[in-house]
Amino acid sequence: MAVTPRLVVLASGSGTNLQALIDAVEAGRIGAEVTRVIVNRRGALARSRARQAGIREECRLLGPYLQGAPDRVAARRLYDADLAGAVAAGQPDLVVLAGWMHVLSTVFLDRFPERVVNLHPALPGMFPGANAIEDTWRAYRAGVVASAGVMVHYVVDEGVDDGPVIAAEEVPILQDDTIHTLTERIHRVEHRLLVDSVATLLEGR
């Protein structure tokens, strides 16, 4: 009897990419089960999306680890070790970072080799970090770039948004775009590309 693949999703914000995964699972577009959702911000709406879907969720904050730690690096490594334990409890075939705002250390990544994937709203090699869409828009206004993009990539080390690329897609910037219309269009591509990438990766496993 085939075992259903398992996903654990890490999120920090509104959870729209998480919702895209949940909807794709329910529609049969992804042959998997989301076994756990972990957030690192108390107000993350991803928690309520998980609850509504009947998925176990929890919040793990970095702040308490910083109290009394000798330095931030030590605190981060301890946090990542405990986070890895919580993720492992979900027995994931893939760990999906869907708007996860915390750079994972090798303490975490070594627990899940070639199983951690990240979604980033920029093309490979372009605009790493938390403000990729805003950075793209500023570069467009300055005449440096003519398009935006989205990629899904493996996370293999502590580099920011620079792991081996799984899929990438250009998002044209239209003449009448504002940053708001561009952001909306990027998000639509994010949802589709993430779902398609996860489905393909699971089929390959």
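The axes of α6 and α7 cross at roughly 130° and come within 11 Å. This comes from a predicted model. Helix α7, residues 179-204, also packs with helix α1, residues 16-27. The largest pocket has a volume of about 790 Å³, and α7 gives the largest share of its lining.

**α6 with α7**

- An angle over 145 degrees would count as roughly antiparallel, and 65 to 115 as roughly perpendicular. The α6 and α7 helices are therefore oblique to each other.
- Their crossing, α6 with α7, is right-handed.
- On the α6 side, the contact uses Ile133, Glu134 and Trp137.
- On the α7 side, these residues meet Ile179, Leu182, Thr183, Ile186 and His187.
- By class, the residues of this contact are five nonpolar, two polar and one charged.

**α1 with α7**

- Two packed helices are described by the angle between their axes and the distance between the axes.
- For α1 and α7 the angle is about 50°, and the axes lie 9 Å apart.
- That angle makes α1 oblique to α7.
- The crossing of α1 and α7 is right-handed.
- From α1, the residues in contact are Thr16, Asn17, Ala20, Leu21 and Ala24.
- Their partners in α7 are Glu190, His191, Leu194, Val195 and Val198.
- Six residues of the α1 contact with α7 are nonpolar, three are polar and one is charged.

**The largest pocket**

- Its volume is about 790 Å³.
- The lining of the largest pocket has 40 residues. Closest to the pocket centre are Gly99, Trp100, Met101, Leu119 and Pro121.
- Two strands, β5 (116-120) and β6 (147-154), each give two or more residues to the lining.
- Helices α1, α6 (132-141) and α7 also give two or more residues each.
- Which element gives the largest share of the lining? Helix α7 does, with four residues.
- The lining of the largest pocket divides into 17 nonpolar, 17 polar and six charged residues.

**α7 in summary**

- Helix α7 meets α6 through residues including Ile179 and Leu182.
- Helix α7 meets α1 through residues including Leu194 and Val198.
- Helix α7 also lines the largest pocket, with four residues.

How values were computed: Residues numbered from 1 in each chain as written. Predicted model: local features only at pLDDT ≥ 70, side-chain atom pairs only at ≥ 80, totals over all residues. Heavy atoms only, no water. Axes fitted to C-alpha atoms, helices over the stretch in contact; angles between N-to-C directions. Parallel < 35°, antiparallel > 145°, perpendicular 65-115°, else oblique. Left-handed = near helix turned anticlockwise from the far one by under 90°. Contact = heavy atoms within 4.5 Å. Nonpolar A, V, L, I, M, F, W, Y, C, P; charged D, E, K, R; others polar. 1 Å grid on protein atoms, 1.4 Å probe; cavity = no way out; pocket = protein on both sides within 12 Å on 5 of 7 lines; lining within 4 Å. Points joined across faces, edges and corners; volume = space filled by probe spheres on them.
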